[in-house]
Amino acid sequence: MAQEFQSRMGEMQEKLADLEFTGGAGGGRVEVTLNGKGEARKISIDPSLIEGSEVEMLEDLVLAAFNDAKGKQEQAVREKMSELTGGLPLPPGMRLPF
């Protein structure tokens, strides 16, 4: 049973790596796309934010977009893990091996 679980876990990780999660901020003027492992894949910034904009505001928007995408990615991982474990929660402190 452990080997089957390990095999299913590997399959899930491969599927998650192919997924993309896009988070946005500033009314969609800043977007960050992550893969299922939480790695940043793309950042998109509307040029209107760069012209005459304060750097601090732009940095805050990029951070907010990243956190939005990260939240979506983490939720998908939790859902996939729940499917894999039949709804049983993982023991405290146990995380996916990403």
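User: What makes the 3 strands an open sheet, and in which order do they stand?

Analyst: In this predicted model, the 3 strands follow the order β1-β2-β3 with antiparallel pairing. The edge strands, β1 (20-25) and β3 (40-45), each pair on one side only. From one strand to the next, the twist averages 15 degrees.

User: How do you know that β2 and β3 pair?

Analyst: Pairing requires at least two bridges between two strands. Between β2 and β3 there are 5 bridges, and the two strands run antiparallel; therefore they count as paired. One of the residues concerned is Val 32, whose bridge partner in β3 is Ile 43.

User: Why is Thr 33 called buried?

Analyst: The term applies under 20% relative accessible area. Thr 33 has 10% relative accessibility, so it counts as buried. Thr 33 belongs to strand β2 (residues 30-35). Leaving aside neighbours within four places in sequence, its contacts include Phe 21, Thr 22, Ala 40 and Arg 41.

User: Why is Ile 50 called exposed?

Analyst: A residue is exposed when its relative accessible area is over 50%. The value for Ile 50 is 56%, and therefore Ile 50 is exposed. Ile 50 is found in helix α2 (residues 47-50).

Notes: Residues numbered from 1 in each chain as written. Predicted model: local features only at pLDDT ≥ 70, side-chain atom pairs only at ≥ 80, totals over all residues. Heavy atoms only, no water. Helix = DSSP H or I, 4+ residues; strand = E, 2+ residues; numbered from the N terminus. Buried < 20%, exposed > 50% of the residue type's maximum accessible area, 1.4 Å probe, protein only. Contact = heavy atoms within 4.5 Å. Axes fitted to C-alpha atoms, helices over the stretch in contact; angles between N-to-C directions.
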